[in-house]
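Me: I'd like to learn how to read strands and helices in a model. Could you walk me through one?

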Amino acid sequence: MASSAGLKPPKPIVLGENMAAQWKTCVVNAMVLVKRNEKIRICIDPSQMTNSASAELKQHTEMDLEMQSLKSVVMQGWPETRNELIPELRKYWNFRDEMAVYDGLIFKSNQVLIPQPLRKAMLAKIHSGHAGIQSCIRRAKQVVFWIGMGSDIQEMVEACTICQRHQRSNTKQSIVLKDIPGLPFERVASDLFHFKGKEYLLLVDSYSGYFDMKQLPETTSKQVIKQLKEWFSIHGIPQVLETDNGPQYASAEFRHFRDKWGFEHKTSSPHFPRANGLAERYVQVAKSMLKKCSDDQSDIQLALLHLRNTPRSSSIPSPNERLMGRLVRSNMPMTLEALRPRVSVNVQQLLEREREIQKEYADRGTVEPPKFAEQERILIQDQASRRWAPGAIVKQFDGNRSYLVTDGERTLRRNTHHLRKLRGSDQMEDSLQETRHPVENDPDDTRSETQTEATVNQGQHSSMDMPRESAAATPRVRRSGRTVKPNRCSEFLYY
Ligand SMILES: [Zn+2]
């Protein structure tokens with residue numbers, strides 16, 4: 001086994017200069033090494049690092065003492081034991097079998113090591129489009145590496161003022177269950193939305209979670225058809241297009257388009273508008289991205305690119321990989337190997353499995369509301385704008401869901417529904433992405449604000465004062481008798 005004692009890891013492959021010609025040989029060598037020693041060896045072709053930044057990377061790797069010591073250990077072979085390493089390098093011990101050096105750069109598998117001085121700039125790229133923590137971590141892990149990268153990312157996202165300002169509202173979003181399609185672009189959904197006085201059309205593919213949006217000059221049937229044609233000509237004509245009952249989709253012109261191009265058009269019924277839940281969910285993602293990008297004047301198209309390159313979870317690949325079978329080149333350093341086309345298999349099963357896990361969570365009930373300490377710095381949601389602004393806890397207002405808080409000017413009484421931990425990690429898709437994360441209080445719970453405060457006024461104990469353990473263990477049941485499903489951000493819930 002790979003862990004057998006005394007087995008010295010093979011020396012790293014030192015790749016030749018003439019990469020184009022030697023590429024195949026390198027792959028063969030790598031495979032031989034893997035077989036012989038049962039160690040993972042990587043073959044990298046970093047001479048073709050996709051980014052002009054690789055010169056800068058090389059320069060910094062050369063100037064950095066730790067990088068230089070690491071490089072010589074990787075090239076000369078690792079010692080038998082961890083303690084034989086100089087202290088600064090011991091943290092790399094567990095990764096020794098994955099490390100290689102080429103052309104002045106150090107790699108851990110396909111991830112290039114980023115020296116300290118470049119990490120800040122890299123973090124900014126990783127956070128492009130203001131993705132959440134888990135999303136950023138997955139995005140980064142595809143291409144770059146340093147010790148402590150995960151916690152650096154977490155710190156950065158948690159400290160991002162734009163992300164804090166735009167944390168999603170605690171609005172309930174029910175999980176709409178539908179069959180998961182077996183192919184990319186088999187079932188797509190479309191919807192229109194406004195943002196800052198402009199009209200946008202959105203299209204999302206159910207299988208891959210790939211979405212696109214386009215600003216329309218006007219929201220006529222003609223413009224919608226024109227844009228859909230453009231997307232369909234790139235990705236193919238879907239079997240099914242789902243939309244709401246908007247007039248753009250109900251026109252004779254649209255029916256003509258449907259018949260001529262040959263797809264099935266399913267509309268949500270007026271009695272069940274949530275049927276277009278997929279598109280609606282992505283409209284929220286799109287709006288959130290537009291807001292954040294407009295706040296920091298960053299490029300929405302670049303944000304979309306990064307988002308589509310970000311894996312859905314540790315087992316489910318990115319939208320680009322699911323739709324196109326490849327990652328696309330971004331402005332982060334990437335090896336050619338990372339860009340090599342690959343077929344994503346079992347996507348349907350993985351999505352089904354993921355959905356089961358979500359459902360399991362949903363059936364398990366919710367977690368209790370967060371607890372705040374006096375003077376704790378928090379975020380308060382403005383009732384009108386629904387934006388989050390910093391504030392502090394004055395004191396608990398009896399019960400466990402109501403607090404007196406200050407926004408710096410006024411003292412307010414607020415339900416925990418409208419309060420957040422300042423360093424909460426529940427931005428964007430994160431609360432959904434990692435299903436093991438507990439979900440937060442259910443904002444749809446009819447008991448939340450009004451009843452808590454009524455109870456407070458009467459000086460009685462409410463049913464929420466039950467011991468924490470039992471409150472957490474018992475799935476809550478609404479007064480209507482329905483089990484309360486946990487609130488989760490389903491923005492990134494791909495079917
Ligand atoms: Zn941010």
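Me: Let's start with a pairing: which residue in β8 is the bridge partner of R187?

Reply: Keep in mind that this is a predicted model. As a general idea, strands of a sheet pair through backbone hydrogen bonds, either parallel or antiparallel. Here, R187 has V240 in β8 as its bridge partner. β5 and β8 (residues 240–243) run parallel and are joined by three bridges.

Me: In what order do the strands of the open sheet come?

Reply: Read across, the five strands go β7-β6-β5-β8-β9, with mixed pairing. β7 and β9 (264–267) sit at the edges with a single partner strand each, so one side of each has no neighbour in the sheet. On average, neighbouring strands are turned by 25° against each other, direction ignored.

Me: Which helix lies across β5, β6, β7 and β8?

Reply: That's α11 (residues 277–295), which runs at about 45° to β5.

Me: Now helix α8: which of its residues are buried?

Reply: For burial, count neighbours: 20 or more other C-beta atoms within 10 Å makes a residue buried. In α8 that gives V224, Q227 and L228. Looking down the axis of α8, these buried residues fall within an arc of 100°, so they line one face of the helix. They pack against β5 (187–195), β6 (198–205), β7 (211–216) and α9 (247–250).

Me: And what does the face of α8 turned away from the buried side carry?

Reply: The exposed residues E230 and S233 are found there.

Me: What comes just after α8?

Reply: G236, with a positive phi of about 100°.

Key. Residues numbered from 1 in each chain as written. Predicted model: local features only at pLDDT ≥ 70, side-chain atom pairs only at ≥ 80, totals over all residues. Buried ≥ 20, exposed ≤ 12 C-beta atoms within 10 Å, placed from the backbone. Helix = DSSP H or I, 4+ residues; strand = E, 2+ residues; numbered from the N terminus. Arc of directions from axis to C-beta. Contact = placed C-beta atoms within 7 Å. Pairing = 2+ DSSP bridges. Axes fitted to C-alpha atoms, helices over the stretch in contact; angles between N-to-C directions.
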